[in-house]
Amino acid sequence: MDKYTEIYGVDISKDVFDVMDTGGVHSQFSNNKKGFKEFAKTLSKGSLIVMEATGYYYYCLAQYLYSKGYSVSVVNPLSVKRFIQMKLSKVKTDKSDARSICEYACMNSVALYTAKDKNHSACLQLISLIDIYLKQSTQLKNKLHGEHTLGLPSKSVYHSLNRSLKSLQREIKLLEERLIELVKEDQYSQLIDLKSIPGLGTKTAVLLIVLTNGFTKFESAKQLCCYAGITPTIRQSGSSIRGRSRISKMGNRKLRNLLFLCAFSACKHNKACREIYERIVAKGKSKKLALIAVANKLLKQAFAIAKSGMPYDENFVSKLS
């Protein structure tokens, strides 16, 4: 990190954010436009400001600093948490967290933040809200099932649950339609190309485009597979520990689940995916493992299609993925 004149670790909460620089100087500012301006006055050009992706609180500060020309990095909170655990730290305060973020950035290479445009930001918000509504929809379905199990459900309760469920389903449909519209405005050709992959549905293609910002966030298919959490982890140590290989599950859960569902269709209609599935099952491996391999292959095909800017072709994709 020698290319930066100064590195600042920022720990953000709802009302304030704590800052620690490499010299050990601690400051605290209000988490609003006034605080952002005060903080910016203390910065010199060539500084790097590092913060965690904590909920919604980091977003406004990251966007503001980026717009002012500063180098900003938004890191995974889990990475910082593991870094703190590695140091066996017993102190947990906003000040100590800011110091740890600063130390983490000094010792590790961190990716620079790229500001989101209006459409991309709206798409991410839509995805987040759809997720919330889907969870609420599942809760209502479970409640309805529970009422049926009682044998004599209250009519008032039953009709209220049904009305709420139908209302949520309508909202989800409207939001999904709006999400597709926004993606088509900026990435229409890429969406069409991705949908040409046998087994890859519209929802998964849209989610891939939004989460990867048009596949610009990743340089390789391997990085994308790691992000989705469908790469295998090996559990082996000495002669006594021989754990079964599993997927990491440390990536985006929604994307991983959609890819797994797409794998069922891909096994039937996607030649390359079908061959992988049959080869793994023929070796006596579980069908679930084979489907995970298919999901991995689908993601690699999507990456190859997005980077080439060409629609799906069996022979072309097999060389790149």
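Just after helix H3, Leu88 takes a positive phi of about 60°. Helices here are DSSP runs of H or I with at least four residues, strands are E runs of at least two, and both are numbered from the N terminus. This is a predicted model, so to speak: local features need pLDDT of at least 70, side-chain atom pairs count only at pLDDT 80 or more, and totals for chains, interfaces and linings use all residues. Residues are numbered from 1 along each chain as its sequence is written, and side-chain values use heavy atoms, with hydrogens and water left out.

At the other end, the start of H3, a side-chain oxygen of Asn76 reaches to within 2.8 Å of the backbone nitrogen of Leu78. H3 buries Val80, Phe83 and Ile84 (buried means under 20% relative accessible area with a 1.4 Å probe, protein chains only). Those residues sit on the same side of H3, because they cover an arc of only 100° around the axis, taken from the directions to the C-beta atoms. Their cover includes the elements below, where contact means heavy atoms within 4.5 Å.

| Element | Residues |
|---|---|
| strand S4 | 47–52 |
| strand S5 | 71–75 |
| helix H4 | 94–107 |

Now for Leu259, which lies in helix H9 (residues 253–269). Leu259 has 0% relative accessibility, so it counts as buried. Leaving out residues up to four places away in sequence, Leu259 touches Leu200, Thr204, Ala228, Ile230, Ala295, Leu298 and Leu299. Lys92 is 167 residues from Leu259 in sequence and 38 Å away in space, C-alpha to C-alpha.

Methods:
Buried means under 20% relative accessible area, exposed over 50%, partly exposed in between (1.4 Å probe, protein chains only). A polar contact is a pair of N or O atoms within 3.5 Å; within protein, one must be able to donate a hydrogen and the other to accept it, and residues adjacent in sequence count only if both atoms are side-chain atoms.
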